2 protein chains.
Amino acid sequence: MRVGLLQLNPVICDFKGNCEKIVHAAQRAFENKADFCVAPELAVTGYPPDDLLLRADILEECEHSVKELASRTKNFGPLLIGTPWRAVPDSTQLYNAACLLVDGRIDKVFGKTLLPEYDVFYEKRYFASVQSPGVFELMGRKIGVTICEDVWNDPDFWGRTGDDDQPVRSLCAKGAQMIINLSASPFSVGKHRVIKAMLGSMSAKYSVDLLFCNQVGGFEDLVFSGRSMAFDAQGRLTASALEFAEDVLVVDTINSENNRLSVHDLSSSSEIWQALVLGTADYVRKSGFNNVLIGLSGGLDSSVTAAVAVQALGSGQVTGVLMPSPYSSPGSIDHSLDLSVNLEIKTHTLPISELMQAYDQILAPVFKGYQPDVTEENIQARIRANLLMAMSNKQGKMLLATGNKSEMAVGYSTIYGDMAGGLAVLADVAKTSVYTLARWLNKTRGKTIIPREIISKSPSAELRPGQMDRDTLPDYEVLDPILSLYVEKGSSFNEICALGYDPDLAQRIIYMVDKAEFKRAQAPPGIRITEKAFGRGRRMPLTAKCSHDRSAADG
Amino acid sequence: MRVGLLQLNPVICDFKGNCEKIVHAAQRAFENKADFCVAPELAVTGYPPDDLLLRADILEECEHSVKELASRTKNFGPLLIGTPWRAVPDSTQLYNAACLLVDGRIDKVFGKTLLPEYDVFYEKRYFASVQSPGVFELMGRKIGVTICEDVWNDPDFWGRTGDDDQPVRSLCAKGAQMIINLSASPFSVGKHRVIKAMLGSMSAKYSVDLLFCNQVGGFEDLVFSGRSMAFDAQGRLTASALEFAEDVLVVDTINSENNRLSVHDLSSSSEIWQALVLGTADYVRKSGFNNVLIGLSGGLDSSVTAAVAVQALGSGQVTGVLMPSPYSSPGSIDHSLDLSVNLEIKTHTLPISELMQAYDQILAPVFKGYQPDVTEENIQARIRANLLMAMSNKQGKMLLATGNKSEMAVGYSTIYGDMAGGLAVLADVAKTSVYTLARWLNKTRGKTIIPREIISKSPSAELRPGQMDRDTLPDYEVLDPILSLYVEKGSSFNEICALGYDPDLAQRIIYMVDKAEFKRAQAPPGIRITEKAFGRGRRMPLTAKCSHDRSAADG
């Protein structure tokens with residue numbers, strides 16, 4: 001059997017556009033002799049539609065779109081399409097479903113069994129779960145339908161016991177010889193290796209063909225990497241689609257030797273780079289923008305952000321803005337200009353000294369008797385944000401924020417200042433990873449994109465004379481592993497100390513992270529590349545008083 | 001039997017402080033001859049602890065705290081305490097539980113049956129549901145334990161059919177003669193009437209005593225109004241606790257004539273006012289601040305925000321900042337000064353004309369060839385935000401944002417400008433309700449708090465000469481009802497038109513609301529007073545393309 005996997009990049013609730021994509025991709029697949037086609041989980045709306053799923057008119061549009069898809073593809077061959085679907089029209093019982101379209105009508109509807117409610121997923125808010133997954137017959141073969149999470153709980157693979165709900169097992173018990181999985185599985189670094197191993201082990205365990213059709217694209221803070229795959233009944237990978245790009249992959253499940261096996265470059269830096277590029281391109285364009293602005297400080301983060309933006313949108317669409325102050329090093333200008341030459345982007349230079357003086361003068365009567373402190377630093381960051389947002393408003397260009405995850409974690413950033421922007425490109429990339437990424441980029445391109453001085457100099461916000469990040473923060477090599485434990489692994493203070501980290505340092509870092517929740521609550525979306533990003537997958541109270549806060553504050 | 005309802009205001013995960021409150025309140029109740037005491041849902045952590053519930057150390061602290069509570073109250077009498085509770089220590093199976101403490105030990109643990117996952121609730125993310133609610137015996141009476149949502153699904157009261165899970169029915173079937181409900185039921189205007197009717201109807205229907213013990217206080221964007229109540233087996237209200245304040249209410253279920261019936265002032269304006277005051281006081285103080293700053297524009301919103309802040313924190317803790325521009329009307333100064341006299345708050349005046357000129361000069365080369373537009377207005381709003389945040393940073397005062405719900409809905413506000421602040425006090429109050437509130441306040445106080453000119457003049461942002469809100473927006477009397485339908489009721493364009501509203505107007509308003517999602521995503525928390533606020537209970541995608549957007553954009 002030849003199955004077309006339609007690895008598409010929809011726009012949330014752009015029903016017309018999404019259906020157009022499905023029809024065109026299906027047409028290509030059937031022209032390429034597919035017997036049957038699959039589109040990803042919720043392909044009709046794109047994933048995740050969030051609270052739009054609570055709107056009756058959106059659900060009506062889903063139903064209307066699926067019917068229209070059936071009618072438009074009636075001469076093609078069967079299609080299995082992911083869509084929200086009400087058990088009964090007008091009912092509030094909604095399924096995360098797959099509709100089987102045959103001969104111009106909706107032949108069968110299958111539902112998702114396991115609804116994830118962890119991390120970035122809130123599916124129980126919207127969907128009811130079906131009791132057991134379903135099977136249909138095509139060309140004499142029984143095909144079992146699973147949706148994303150349904151294949152994520154094989155206790156053998158995860159080394160767990162006691163999982164009752166095993167949709168694949170129950171499908172095989174019903175005689176399924178092939179398992180289809182419609183997915184919208186968000187990217188994180190290294191996850192594709194896990195998916196591949198998990199699906200391979202499952203297809204071998206049950207001796208079934210297993211076809212995984214994944215969404216691709218950037219959806220707000222989430223990126224989906226595509227890389228749809230097919231496994232044979234021995235657990236061997238027999239076909240794979242492009243990474244981080246739309247693709248139509250026709251898989252021959254019988255004669256697999258001619259299947260396409262796209263090469264996936266799985267180095268961490270390559271994955272992160274591609275995710276940031278796709279995430280940026282899609283966020284900017286799906287928001288209705290074509291051009292972006294970036295404040296260039298001569299530092300690493302703004303440089304890497306600019307490089308991502310150029311790759312995502314083209315150098316003609318990226319403008320760098322230099323806003324030197326009296327505390328800016330000469331390098332901050334020179335290195336930014338070097339970068340802009342390397343990236344072939346235009347720049348503007350807007351010195352902020354006069355504005356700083358104007359704020360100082362106006363605030364002098366109010367600030368009488370107070371010593372200079374972080375306030376004066378924040379004023380500079382907010383002057384820059386005002387200039388950048390003015391350019392953004394006037395010229396219709398989206399401002400990109402440049403802060404990295406380490407800064408975001410400890411609150412080493414100015415709210416309404418350097419945190420301002422439509423998208424924070426590096427918000428889930430730890431500072432040490434930004435260094436690695438910059439070096440990887442220069443090496444991969446075979447030429448200097450990020451100037452060497454930018455990589456080699458000590459990081460500084462340059463908001464007061466001689467300021468260095470290390471005056472305020474531990475070295476990033478020390479900071480990042482503790483942040484990874486606390487934020488990404490959810491480790492407690494005791495667990496972190498048990499790994500040998502200095503308790504005072506751990507406590508100080510945890511205190512900084514907890515204290516910065518209010519800033520992150522007003523941050524722009526970032527692009528998730530780790531298993532735990534700030535944003536939709538991590539909802540922390542803003543007025544909590546945890547014990548480690550207290551002891552640290554007291555100490 | 002005499003039951004003590006401990007209506008407490010915890011701080012999220014302040015285990016020491018919360019337990020201290022429980023012990024002291026229980027002591028008072030037992031001194032007042034209670035036989036038994038009840039603390040609200042999740043009283044040990046406060047509600048909602050959000051993703052702190054995913055941390056093992058937090059769950060250990062819950063267990064430790066409950067054990068300590070048992071030991072500290074062992075000479076008191078039985079206590080029923082809401083807390084997160086793991087079925088088995090170290091298991092990931094967590095219950096939203098009530099622990100019965102008797103003689104210094106944990107005698108029984110009851111779990112919540114129905115876990116809400118709509119609007120502001122995400123309980124399925126954290127909790128497993130128990131199969132059926134539990135009963136215990138005390139002084140020869142069988143007492144059934146329910147937690148919040150467990151009493152919210154009586155099909156008779158709601159006029160629904162087909163609800164299988166009816167915890168109260170199943171408790172009564174088990175012989176319960178009294179139902180206890182531990183709650184953390186978020187406030188919205190008018191909801192208390194519904195709770196009262198619902199609980200009264202339920203106690204009469206099953207002929208049981210029903211005791212409702214509710215959390216009180218401000219928790220980020222949520223306010224809980226307390227107003228714990230007792231109903232007898234005829235459905236009569238026999239006791240009620242204070243509104244919007246901590247209270248210990250001892251209910252005699254046999255001799256109810258001496259029970260305290262606190263008078264609840266249920267006018268909408270009074271409820272809104274009390275919710276805003278409590279929400280502001282708790283957000284500011286639980287964030288570690290005592291003082292606040294407010295930019296006073298001479299307009300209605302900043303005036304009402306200042307009045308709320310004075311009531312919440314005291315006039316000595318509130319500072320008004322006047323930041324006139326060349327476009328400010330003379331009234332903007334005079335009326336603000338009148339207000340500050342009425343409220344007895346100190347003010348500073350920081351004119352922004354020079355800063356505006358400085359920005360204009362710096363941006364002139366970049367803006368050559370562009371016409372003046374909304375950019376110049378946003379620059380002013382962001383200058384003011386920078387000045388206010390500088391004062392906030394320097395003096396350790398929280399900035400309060402002053403925008404109302406109508407503005408927030410249609411995006412008539414400047415991100416990083418007037419939207420800046422730690423808390424947006426009026427973010428869930430429609431402009432027409434702000435007017436009503438101002439008039440109510442002046443009337444209730446019997447003197448002018450909000451100057452009459454502020455109430456009577458036409459609303460204006462004063463960001464360009466002669467600007468009026470009505471130049472950009474429909475009249476608020478026209479705008480607010482459509483916003484209420486679209487945002488609060490979730491009505492579709494077609495449903496709104498079917499009610500007789502002008503389709504062009506409805507489409508324009510819907511387009512503005514959809515287009516402003518990105519601003520609201522970076523807004524400070526507001527105080528929820530309606531059934532549907534922006535914030536935790538409404539999660540909309542930022543890059544969606546809904547059909548009405550498109551048609552409006554095309555049209």
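**Exercise 1. How many residues does the contact take from chain B and from chain A?**

Solution. This is a predicted model, so let's start with the rule for a contact: the C-beta atoms, placed from the backbone, must lie within 7 Å. Counting on that basis, 73 residues come from chain B and 73 residues from chain A. Next, look at which elements of chain B give two or more residues to its side: helices H2 (56-72), H6 (268-286), H9 (353-367), H10 (374-395) and H16 (493-498). H10(B) gives the most, with 14 residues. Finally, sort this side of chain B by class: 42 residues are nonpolar, 13 polar and 18 charged.

**Exercise 2. Work out the order of the five-stranded open sheet in chain B, then find what packs on the sheet.**

Solution. Follow the parallel pairing, and the order reads E17-E16-E15-E18-E19 in chain B. The edges are E17 (346-349) and E19 (423-424) of chain B, since each pairs on one side only. Now zoom in on E15 (residues 292-295) and E16 (residues 318-322) of chain B, which are joined by four bridges in the parallel sense. Here Val292(B) has Val318(B) as its bridge partner in E16(B). Helix H8 (residues 330-343) of chain B packs on the sheet, touching E16 and E17 of chain B, and its direction makes about 170° with that of E16(B).

**Exercise 3. Describe how the two assigned domains of chain A meet.**

Solution. Begin with the bounds: domain 1 of chain A covers 2-265 and domain 2 covers 272-470. Their centres, taken over C-alpha atoms, are 39 Å apart. The contact takes 10 residues from domain 1 of chain A and nine from domain 2 of chain A. On the domain 1 side, strands E10 (216-219) and E11 (222-225) of chain A each supply at least two residues. That side divides into five nonpolar, three polar and two charged residues.

Terms used. Residues are numbered from 1 along each chain as its sequence is written. Chains are lettered from A and ligands numbered from 1 in the order in which they are written. This is a predicted model: local features need pLDDT of at least 70, side-chain atom pairs count only at pLDDT 80 or more; totals for chains, interfaces and linings use all residues. Ala, Val, Leu, Ile, Met, Phe, Trp, Tyr, Cys and Pro count as nonpolar, Asp, Glu, Lys and Arg as charged, and the others, Gly among them, as polar. Two strands pair if DSSP finds at least two bridges between them. Axes are lines fitted to C-alpha atoms, for helices over the stretch in contact, and angles run from 0 to 180 degrees between N-to-C directions. Domain bounds come from an automatic or database domain assignment.
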